[in-house]
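Visitor: Hi! Could you walk me through this one?
Guide: Happy to. Have a look first, then ask away.

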Amino acid sequence: MTLITPEMTIASVVDRWPDAARIFARYGLSCASCAISKSETILAGATGHGGGRVNMDELMRDLNTLADTGKLPDNLPAANATAGPGGMKMRGMAEQKGIKHVIAVMSGKGGVGKSLVAGLLAVGLKRRGFTVGILDGDITGPSIPRMFGVREKPAVAADGKSLVPSKSRGGIPIMSMNLLLPDEGEAVIWRGPMVSGAIRQFFSDVQWGELDYLIVDLPPGTSDAPLTVMQALPVSGVVLVTTPQALATLIVGKAVRLVKQLGGDIVGVVENMSYVAMPDGSKNEVFGPSQGLKLVIASNAPLMAKLPIDPEIARLADAGLIESYESPESEELLANFIEVAPEKHPQVAVA
Ligand SMILES: Nc1ncnc2c1ncn2[C@@H]1O[C@H](COP(=O)(O)OP(=O)(O)O)[C@@H](O)[C@H]1O
Ligand SMILES: [Mg+2]
């Protein structure tokens, strides 16, 4: 049965069959700004992108296989392996640079602890013997350098063209707009293309060295800003951060759709500010009851951790000492992340 026709909009198909996003992505239709558009039909999308190289017959056949069987067809075109157009090229770029995995940390809205989770992931991976760097992709609210107490400007490399990232006390390379601005407090108001240009350079023109993981702190939200950054980088997986409150507001669903439409994968979700640990051992759920289970259902990804509101986090992050933070919950976050990370590295000894 032909349930899906070329005249249907991409958005309506993805809405009804979320996995169709993966098929579109494989056919080079992961340009989310278009895929997200409520009005663009499959036909218009396929003729407008990929230089007219999209094989409509095969695309329609694969989409209808999904609609009929509920399963993705077996022999889809080779994975683009990344968000955005030119994905193949970008993936190759990462390999060439010796960066194994680019993990983007995303949140529906600001202030939920996205940067904190990006920082904790990097710190924990480093402790476990992985090589890791942090690309602060939140151009307008860069908070990574402050959390790590890094102020030193990136040095110009010997080749005169690329930059050597600044290093944290613990030796984590960090690249942030914040480090390039004359004044730390200065605001950057840039339009999309400039942001993606800068971020692409943070990736390609920075000497990261060999990395197991490059953690990217995305701008908050589910609109242009995070999307632009995601498309500028060969992202291999997304970690979604939210709070018990945020789930109620449909933000999580939006974030999940955005990632899917980019052809990406949510590797895990983190519920931050889940509770406050009381002196009597009980948990005070100040932002309402934990939404862990609903979160897992909405994202179809594992819950990696519930992080409490911990004054120690706020204190250390403000003092630039996040590398000193330790807690059972952050350990759990790391253990679970390594479990679900795109590729395990069994040769690495756990410290
Ligand atoms: N679990 C937590 N306990 C205490 N403070 C937290 C926690 N998570 C985040 N914070 C603090 O809340 C503020 C916002 O966190 P941040 O990671 O910058 O959010 P985002 O990047 O999502 O805007 C920061 O000052 C941070 O130190
Ligand atoms: Mg932030």
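Guide: Asp-310 puts a backbone N or O atom 2.9 Å from a nitrogen atom of ligand 1. Keep in mind that this is a predicted model.

Visitor: How much of the ligand's own accessible area does the protein cover?
Guide: The protein covers 78% of the 560 Å² that ligand 1 has on its own.

Visitor: And which elements give two or more residues to the shell around ligand 1?
Guide: Those are α7 (114-127) and α15 (311-318).

Visitor: Which residues come nearest to ligand 1?
Guide: Of the 15 around it, the nearest are Gly-111, Lys-114, Ser-115, Leu-116 and Pro-308. For Leu-116, a backbone N or O atom lies 2.9 Å from an oxygen atom of the ligand. Asn-272 instead brings a polar side-chain atom, 2.9 Å from a nitrogen atom of ligand 1.

Visitor: How do the shell residues divide by type?
Guide: Eight are nonpolar, five are polar and two are charged.

Visitor: Back to Lys-114. What does Lys-114 form a salt bridge with?
Guide: Its partner is Asp-217, with the closest N and O atoms 2.8 Å apart. Asp-217 sits in strand β7 (residues 211-217) and Lys-114 in helix α7, so the pair ties together parts that are 103 residues apart in sequence.

Visitor: Is that Asp-217 buried or exposed?
Guide: Asp-217 counts as buried because its relative accessibility is 0%, and the cut-off for buried is under 20%. Lys-114 is buried as well, at 6%.

Visitor: How many salt bridges does the structure hold?
Guide: Eight. One of them joins Asp-19 and Lys-260, whose closest N and O atoms are 3.2 Å apart. Asp-19 is in the loop between α1 (10-16) and α2 (20-26), while Lys-260 is in helix α13 (residues 251-261), so this pair links parts 241 residues apart in sequence.

Visitor: And what about Glu-331, which residue does it pair with?
Guide: Glu-331 forms a salt bridge with Arg-128, at 2.8 Å between the closest N and O atoms. Glu-331 is partly exposed at 34% relative accessibility, whereas Arg-128 is buried at 11%.

Visitor: Switching topic: which residues make the nonpolar surface patch of about 210 Å²?
Guide: Val-286, Phe-287 and Ile-309 make that patch. Phe-287 is in the loop between β11 (283-284) and α14 (292-299).

Visitor: Last one. How many residues of helix α11 are buried?
Guide: Seven of its nine, so α11 (residues 224-232) is mostly covered. Among the buried ones are Pro-226, Leu-227 and Met-230.

Note on methods: Residues numbered from 1 in each chain as written. Chains lettered and ligands numbered in written order. Predicted model: local features only at pLDDT ≥ 70, side-chain atom pairs only at ≥ 80, totals over all residues. Heavy atoms only, no water. Near = heavy atom within 4 Å. Polar contact = N/O pair within 3.5 Å; in protein donor to acceptor, adjacent residues only side chain to side chain. Areas by Shrake-Rupley, 256 points an atom, 1.4 Å probe, with all protein chains shown as cover. Helix = DSSP H or I, 4+ residues; strand = E, 2+ residues; numbered from the N terminus. Nonpolar A, V, L, I, M, F, W, Y, C, P; charged D, E, K, R; others polar. Buried < 20%, exposed > 50% of the residue type's maximum accessible area, 1.4 Å probe, protein only. Patch = residues over 30% accessible without salt bridge, like charges linked within 9 Å, V, L, I, M, F, W, Y side chains within 5 Å. Salt bridge = Lys/Arg side-chain N within 4 Å of Asp/Glu carboxyl O.
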